[in-house]
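Let me put the sequence and the model side by side before I write anything down.

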Amino acid sequence: MKATVAVAAAAALASSVNAGSVHHRHAHDAFRAAALEKKDNNATCGCTTIYSTYYGEATLSFPPAPPVPTTTPTTPAIAAVPTISTTTPARAPVTATSTAIVVPTPVPQTCSTTGVYTFPATTITLTDSTTVCVPSSTVVPSGTHTLGGVTTIVTTATTVTCPYATVSTSEGVVTSVVATTTYVCPSAGTYTIAPTTTTVDHSTTVTVPVVTNFPPGTYTQPEVVTTVTETNTVIYCPFDIPTPSVSTTAVPVPTTPAQVPTTPAQVPTTPVQVSSVSVEVPTSYPAVTSVVPSVTVIPSSSSSKPRPTGTLGGPAGQPWGISYTPYLTDAQGGCKSQSQVDSDIAAIAASGVKTVRVYSTDCDTLVNVGGACSKHGIKIILGIFIDAPGCDAHNPSVAEQISAIKSWAQWDLVDLISVGNEAVFHGYCQPSELASLITKCKGEFSGYTGKYTTAETVNIWQQSDFSSAICGVVDVAGANAHAFFNTETDASQAGQFVKGQLDIVSKICGNVPGIILETGWPSAGNSMGLAIPGESQQSIAVQSIVKECGDKAVMFSLTSDKWKDPNTPCGCEQHFGLAKVLGINI
């Protein structure tokens, strides 16, 4: 079954959902070369391990787990069955199943047929802090992999005790359990406690339980309306960040796992792999959206520096930037020549666009695109592209891009560096891994004093595990917001939708402003609810976006590209070129 995430975006449009629910990656990796590089082995800390285990609620077993005693739901425990909207023709009865709601984890709803589904709002109130296991899945290639665990940083020799997630098998039933472990760490450093190790002989989706803590409060899963285009689709409806509990008794809200030191480390170190429980990881659980606990991010030497000053964007009422890939646009693709790239960038600059966003360093991007930007007086948003599991600098593709950018080092041309494009959305990174990679890049690009970000859909930014890991390492919150993939938005409302998404992401990290790194509308393809593709609709949508928030947005994209996948549900991936609509003469 295909799994997707639906999130309410009330600030954008009434009854609309976040475009992340059906958003597709735009095939930026079609021609990326993968260099071979042996991954370094992690060191081990040699700490003494003392195990003390207690068993919690079985949140991964099926049928659903019994209710958590400290949970007081204010709505029925079983989510209401979604109904087909009256805006679609009558059809055979829809079969939909849901999971008992005992804690505010994303609620899976199984839709057996296609159609427009309405998932009613659900509210849960927790009167006590609740710690449970939540499944997290990721795709891993063949080989041995270490997943999960709890990362903590100590500044001196100490003993740490913290909960961790593992699995238990009893009479053939596999359940998740919360256990505690105590480590005696002999020196300062970063320790990954009780990770899970698994070995697979082919590319596999692996699911492991992770410890997630829910503080007291009222959690609301807003009403969601979404279009299902494939049978047996699983929709995950996440809960919003909770409001304070209505309980009259003051309840302390823990912000870190019990007894884990919270003092930030002052000594940057390489993560240390410590002894772990040997656990056989089950791979037969249904695929779910990754939900991982927040972990401490390793500070780099640059983390103590003040945030870069200045703001990003262009003049009001004009597009700030446009995304650009130096690929030929025919079905065969391939790299454009230096003269072809120069011609494209000259046309972009002549139109008044102030910056171009690139996604990687392939096809001589830095030399050709960077050189043309310097020649024609516009800026560049650099990208490090992550196109497979392996969200660290040991990934050969990532290492190659970091090395190329370091060697190029034309920092005066750079408006922004984006590490990753929807890497968490597509399961290539866990939030903590991405945060560590951003920090790594800051250390590698020592001559660069500008801003860093990553690009994700707004529903990913709204996940507390993501924002808690990423907000502290970025200078702007970069969002990809495509109104076309919100089935309740027509072309005339595109600007209002994207502006709403910008407003949402601008509030997630407090003093970290938001920016839109991808937005557009296709000129051809299949309709997605009220979102209809077409040349006239594209023109209306783009004008609306530019009017509402073009000065804070990167338009997607310069050209329509035949090498992209024509067989997606929208049939639109080849038709996002905006040169004509934006008056760029290429």
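**Entry 1: the whole chain.** I began with burial, where a residue counts as buried under 20% relative accessible area, exposed over 50% and partly exposed in between, with a 1.4 Å probe and protein chains only. By that rule, buried residues make up 53% of the 586 residues in the chain. I am reading a predicted model, in which local features need pLDDT of at least 70 and side-chain atom pairs count only at pLDDT 80 or more, while totals for chains, interfaces and linings use all residues. Residues are numbered from 1 along each chain as its sequence is written, and side-chain values use heavy atoms, with hydrogens and water left out.

I looked up the secondary structure next and found eight helices and 28 strands. Helices (H or I, at least four residues) and strands (E, at least two) are DSSP runs, numbered from the N terminus. For contacts (heavy atoms within 4.5 Å), I noted that residues 24 or more positions apart account for 79% of those with a separation of 6 or more. The chain exposes about 23800 Å², and carbon and sulfur atoms supply 53% of that area. Accessible areas come from the Shrake-Rupley method with a 1.4 Å probe, and for residues only the protein chains shown count as cover.

**Entry 2: the core.** A nonpolar core here is a set of buried Ala, Val, Leu, Ile, Met, Phe, Trp, Tyr and Cys residues joined through side-chain atoms within 4.5 Å. Which residues have the most contacts inside the largest one? I found Ile345, Ile348, Val356, Ile380, Leu434 and Phe445, in a core of 85 residues. Helix 7 (residues 494-508) gives the largest share of this core, six residues.

**Entry 3: the cysteines.** How many disulfides does the structure hold? I noted four, each a pair of cysteine sulfur atoms within 2.5 Å. I looked at several of them.

Cysteine 391 is joined to cysteine 429, with 2.0 Å from S to S. The link is right-handed, with 90° about the S-S bond. Cysteine 391 lies in the loop between strand 23 (379-384) and helix 3 (396-408), and cysteine 429 in the loop between strand 24 (414-421) and helix 4 (431-444), so the pair links distant parts of the chain, 38 residues apart. Cysteine 391 counts as buried because its relative accessibility is 5%, and cysteine 429 does so at 4%.

Cysteine 471 is joined to cysteine 509 at 1.9 Å from S to S, in a left-handed link with -70° about the S-S bond. Both cysteine 471 and cysteine 509 are buried.

Cysteine 570 and cysteine 572 make a left-handed link too, at -75°, with 2.1 Å from S to S. Cysteine 441 is in no disulfide, and the nearest cysteine sulfur, that of cysteine 391, is 9.7 Å away. Cysteine 441 is buried, with a relative accessible area of 0%.

**Entry 4: helix 8.** Helix 8 (residues 535-549) has 15 residues and reaches 21 Å from its first C-alpha to its last, close to the 21 Å expected. The expected span is 1.5 Å times one less than the number of residues. I listed its buried residues as Gln538, Ala541, Val542, Ser544, Ile545, Val546 and Cys549. Their cover includes helix 7, strand 27 and strand 28 (553-555).
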